Amino acid sequence: MSGAPALDVEVRPVGIDDPLAEPLVRELTEEYVRRYGPEAHEEMTRYPADSWTAPHGLLLLLLEDGEPVAGGAYKRYDERTAEVKRMWTASAHRRRGLARRVLAELERAAAGAGYGRIFLTTGPRQPEARGLYLAAGYTPLFDVDADPLTIGPLPFEKQLP
């Protein structure tokens, strides 16, 4: 189904320990390790599970026919800023606009929770993510003309309504 348009999907908040979140955790870990090496595994266990729960955080999934196809989370960065983390689209469902939908849902939820700003970083070996954030109106907090591999994590921000 790769390349098919995003159909009706259910947006469901879940806990990081919910069985529905397992594909997100597994595939994202595999992706990070493939792109950044074995030490990237630590990124997926870096934050406590309650980082992704209300009132300061959220983990949500997009479900299609009850199966997770994309997801993402935010956690409290500071009093007025939510930090987006764990952006994921199942490999079989990429190029359908699902990540853009997840990002929009996270932005809406963060604004509703009282945050006025979103902050995030993506890795220098994730050009797809960099392109997504630029296309979604995020301001890069780095020199976009520099070689991403010389920068390290690429920070972005966006003001929320």
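1. Arg86 is located in strand S4 (residues 81-89); helices (H or I, at least four residues) and strands (E, at least two) are DSSP runs, numbered from the N terminus. The model is predicted: local features need pLDDT of at least 70, side-chain atom pairs count only at pLDDT 80 or more, and totals for chains, interfaces and linings use all residues. Residues are numbered from 1 along each chain as its sequence is written, and side-chain values use heavy atoms, with hydrogens and water left out.

2. Arg86 is buried, its relative accessible area being 3% (buried: under 20% relative accessible area; exposed: over 50%; partly exposed: in between; 1.4 Å probe, protein chains only). The side chain of Arg86 reaches the backbone oxygen of Glu43 at 2.8 Å. Residues touched by Arg86, not counting those up to four places away in sequence, include Leu24, Glu43, Tyr47 and Trp52 (contact: heavy atoms within 4.5 Å).

3. Six aromatic pairs occur in the structure (rings of Phe, Tyr and Trp, the last by its six-membered ring, pair if their centres lie within 6.5 Å; planes under 30 degrees apart count as stacked, over 60 as edge-to-face and the rest as tilted). One of them joins Tyr74 and Tyr115, with ring centres 5.8 Å apart and planes at 80°, so this pair is edge-to-face. Tyr74 belongs to strand S3 (residues 67-78) and Tyr115 to the loop between helix H2 (98-112) and strand S5 (117-122), so the pair ties together parts 41 residues apart in sequence. Tyr74 and Tyr115 are both buried.

4. For Tyr133 and Phe156, the ring centres are 5.6 Å apart and the planes at 55°, so the pair is tilted. Both residues, Tyr133 and Phe156, are buried. Together with Tyr138 and Phe142, Tyr133 and Phe156 form one aromatic cluster.

Definitions and conventions. A polar contact is a pair of N or O atoms within 3.5 Å; within protein, one must be able to donate a hydrogen and the other to accept it, and residues adjacent in sequence count only if both atoms are side-chain atoms.
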